[in-house]
Amino acid sequence: MPVADLLPELMVLIGAAAIVVSASFLPHRLHWLCAVAAIAILLASSVVVLLRWDNAAQLTFFGVWALDGGAGFAKLLIFGSAIVASALSPQWMATDRRHGEYYGLVLFAVLGSVMMAAAADTMELIVGILLSSVTGYALAGYHRQWSPAQEAAMKYFLIGALANALLVVGVVLLFGLTGATGYSELTVALAADPDPWVMTVAFVLILIGLAFKLGATPVHMWMPDVAQAAPAPVAALVTVISKVGAAIALARFAMLLPGNLAWPWVIALMATLTMTWGNLAALWQTNLRRLLGWSAVSQSGYALMAIVVIGAVDQALAALLVFLAGYAVANLAAFSAVVYLRGRTELDDYRGLARERPWTAAVIILALLSFLGLPPLVGFFGKLLLFSVVIEGGYAWLAVVAVVNTVVSLFYYLRVIATLVLPRQDQGAADMGWPAGLTMTVTGGMILGLGLWANGLINLAQSAMLFLPE
Amino acid sequence: MILTAALAVPLLGAVALAFWRGWSQSAARLWAIGISVIPLVAMAVAWWRFDTSGTMFQLVEEVEWVPSLGMGFRLGVDGIALAVAAMSALLFTGAAAYPVDTRGSARQYYAWILFLEAASLGVFLALDLLLFYVFFDLTLVAMYFLIAGWGHGKPQRAALKFFIYTLFGSLFLLLAILGLYLATDPLTFDMRELIARQPLAGAGAIANVVMAAFLLGFIIKTPLAPFHTWLPSAHVDAPAPASAILAGVLLKMGTYGLIRIPYSMMADTFAEWALPLAVLALISIIYGSLVALGQKDIKRRIAYTSINHMGYAVLGIAAAGALLTGSEAARSMALTGATIEMVAHGLITGSLFLITGSFWQRGETYDFAAYGGLSAPTPKLAALTTLAAFASLGLPGLAGFVAEFHILVGTFGVYPWLAAIALLGLLITAALFLRMLQSLFFGQLPERWKSMPDLNAAEFSVLGILLLLVVVIGVYPAVLIDLIETSTGWLVGGQ
């Protein structure tokens, strides 16, 4: 029965609606119950995904929805990230009059990203991207009295409107060219060598649409703004889930493309530009959250490396998934620490943190070293697999580019780390209380824990695959 | 278990320092000394249990870690690894015991020292290529924090330069490791398998690219000129025990890595690259000694002699790997010499850097023009410095001589001209150490140093033990050579 195939998504959808409704009846001081409900729903959905892990990969709902390991892994990452973000939010949002609805929006954003990851139809993909974007704009601008948040939301919206429009044009061109939107029919139609010019234009337009959600050059500008000025739990959420959803969507779409398109070179170029731009822009940031935003851009560039060789190298999808998992954990940990410190953003305010709050500083340091790819943290295994698959796929130069970028990135990660350990007595500012502290500890522990237990993560990723239409 | 214990104990010791806040300055120091003795004992036991007529790798311990990638927690030693690891364990104990100003954060300082010990021993004991890399990178983090946190001068800058430069090298190392790994079937990071299979033999251009990346990674670490520019600033600005570890242990990872990986796992490609590598080593020998001669600063001068000495070690390794068959005696001698050089340089230069720490604690300057005539107020300091300097310049009867003699005689059998030119380096080194001794200990004693305190008991006993071993190896080198030759036999061929 197809409806049951969507059980995790339906749970999230119904839960989101229920939260929105109940938020209007609950007294404001009890709105934190919505966070508990959201976490419970997401946990239950994750369990359903895990229970169905070993089911055969297939398309469902008339071929528009993929049920495969790639989508499943992405769902776990997205649900997990949303759990972390929800756990970080209650104190942050406590004084906001619209506290309860916030969790509804979070769940809708989750649905959008899940749709991106699972869409096996270009129309479905558009719906997913739009749902993810619309909720993303609202979440980024949730503090509507605060002008930086408005600016971030506005930039996000303007770039998004452009990118989404281009995406729609690309999908329409592709439909005009092949008469199909479903990936199964597209595979057949593309095998018949349609007009390469139209095909190229359609590909580039769709690529830009996905690059926007991925935070890849040339439509990455929203990422640092959102990271800096959106509510910190939202920044943690949006930078991760839209990237995960878009990366899987792009991998899935790339596998359809005919070999004569030279698409791997286009994506390799995009990867190079994205990681280089992100790293160079991060070099002299004086705002930690903005720095994390630029670092997130460069991480998108690394993720694209796996997509370059997707389909050509067996382990490419596993590399992408492990890398995304490592990125998600480290990014959530870093933002948890920021939330725990009540959204402290200026790098100067972090001086001497290692003395005042050694554990918080340790989590930030672990997260940054994991971004760097330092063994045995979880980020190391992601980068290791990425390097491995691009070398195997014959793109060793891309690995060298990534190495040079990694060295550049060390410079700004060390700027942060050095600031943390610099001697200065802090003013002893208050923190966000135990839920944020606990979340920070758990995600920080996962950076090391998933690295030491990399085998389980890698096995799970290796068992995942993308459903290939015959 | 003995090798795992050598890694686990210092790691747990570091964790205990990091997690519990109640350590006093002296308790933390005593704890660090006590903990660091345990790996030393473990190495002594391993040495005692090592069978010099046995297989190449012994005392192997193996646990699966990431079997889906063919990676395991594999430890084991051959004669070379054991010799270098034992020297490292000793140097760490010395570094922990040596008095240093920890600026009110003794707990963190000693935690990093112990963490660095675990990571460093891991590099030498790993029998898994990826595990080797894991430890190789972890040493960078620990050394970064030691330099940045407790250095002087411009420590942040020096630490940053050190980390960025050596991470650059180690990432190329990672790419090379992957290149080698991807050529195995089934995929494995097991060093024994990789040595037996020679995965890139006859692979042509790919083998050369991988070799170039390996050499780049290890040459930066060693370092050879012109990739040495991170070294002087890191050495000079680091606290003295960290400098001693940096020179004595971390630099060895470059030369040890050369022997363990490209030399052993890509023997035929290494033979093709041996001559350029030997020439580069020769340039380092001459360049390092000439630049050292021009330094006015004790620590910088010693730092540059490291480049000179590591040049000898690489020259020996290159000569040993230059041929696949033939001249076994000479090549074996060169490789033995290179290993003794690693041990001797660790002990000697480690001592010299610790001595510079004593100068800093007394005079707050490294400029040796500021000192003079110190043999009168500080006779112990003068005696031990003189002994270390003579050992470093290669005086017969001391460890440095044994090493350089083996290297030069061995190299002479393969590259006679290079060996002849390398002799020049010995002359310059002699000149630079003699001049340094002269200006520190003889001549006019400045008024302000009249009451300079001599070495205290802790300093004297640490330096005494390190230098005693230098004498023992110099007088009776067979203790070391027997151990090392079990490995060179496997590595040079003829067995």
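This is a predicted model: local features need pLDDT of at least 70, side-chain atom pairs count only at pLDDT 80 or more; totals for chains, interfaces and linings use all residues.
**The salt-bridge network in chain B**

- Salt bridges link E62(B), R74(B), D128(B), D190(B) and R192(B) in a network, and over all chains the structure holds 17 salt bridges.
- R74(B) belongs to strand β2 (residues 71–77) of chain B, while D190(B) sits in the loop between α6 (155–182) and α7 (191–197) of chain B, so their pairing ties together parts that are 116 residues apart in sequence.
- R74(B) is buried because its relative accessible area, 11%, is under 20%, and D190(B) is buried as well, with a relative accessible area of 7%.

**A salt bridge in chain A**

- In chain A, R357(A) and E356(A) form a salt bridge in which the closest N and O atoms are 3.7 Å apart.
- R357(A) is buried, with a relative accessible area of 15%, whereas E356(A) is partly exposed, with a relative accessible area of 26%.

**Aromatic rings**

- A search of the whole structure finds 43 aromatic pairs over all chains.
- One of them joins Y183(A) and F253(A), whose ring centres are 6.4 Å apart and whose planes stand at 55°, so the pair is tilted.
- Because Y183(A) lies in helix α8 (residues 183–191) of chain A and F253(A) in helix α11 (residues 232–254) of chain A, this pair ties together parts that are 70 residues apart in sequence.
- Both Y183(A) and F253(A) are buried.
- Elsewhere in chain A, ring pairs link a cluster made of Y137(A), Y156(A), F157(A), F212(A) and W222(A).

**The interface between chain A and chain B**

- On the chain A side 36 residues are in contact with 29 residues of chain B.
- The size of an interface is often given as the accessible area lost when the parts come together; chain A and chain B bury about 2900 Å² between them, and 82% of that area is on carbon and sulfur atoms.
- Between chain A and chain B the count of salt bridges is zero, and the count of residue pairs in polar contact, both at pLDDT 80 or more, is two.
- On the side of chain A that touches chain B, at least two residues each are supplied by α16 (358–372), α17 (378–392), α18 (396–421), α19 (434–452) and α20 (454–463) of chain A.
- The element that gives the most to this side of chain A is α18(A), with eleven residues.
- Sorted by class, the side of chain A that touches chain B has 28 nonpolar, six polar and two charged residues.

Key: Residues are numbered from 1 along each chain as its sequence is written. Chains are lettered from A and ligands numbered from 1 in the order in which they are written. Side-chain values use heavy atoms; hydrogens and water are left out. Contact means heavy atoms within 4.5 Å. Buried area is the accessible area (1.4 Å probe) that two parts lose on being put together, summed over both. A salt bridge is a side-chain nitrogen of Lys or Arg within 4 Å of a carboxyl oxygen of Asp or Glu. A polar contact is a pair of N or O atoms within 3.5 Å; within protein, one must be able to donate a hydrogen and the other to accept it, and residues adjacent in sequence count only if both atoms are side-chain atoms. Helices (H or I, at least four residues) and strands (E, at least two) are DSSP runs, numbered from the N terminus. Ala, Val, Leu, Ile, Met, Phe, Trp, Tyr, Cys and Pro count as nonpolar, Asp, Glu, Lys and Arg as charged, and the others, Gly among them, as polar. Rings of Phe, Tyr and Trp (its six-membered ring) pair if their centres lie within 6.5 Å; planes under 30 degrees apart count as stacked, over 60 as edge-to-face and the rest as tilted. Buried means under 20% relative accessible area, exposed over 50%, partly exposed in between (1.4 Å probe, protein chains only).
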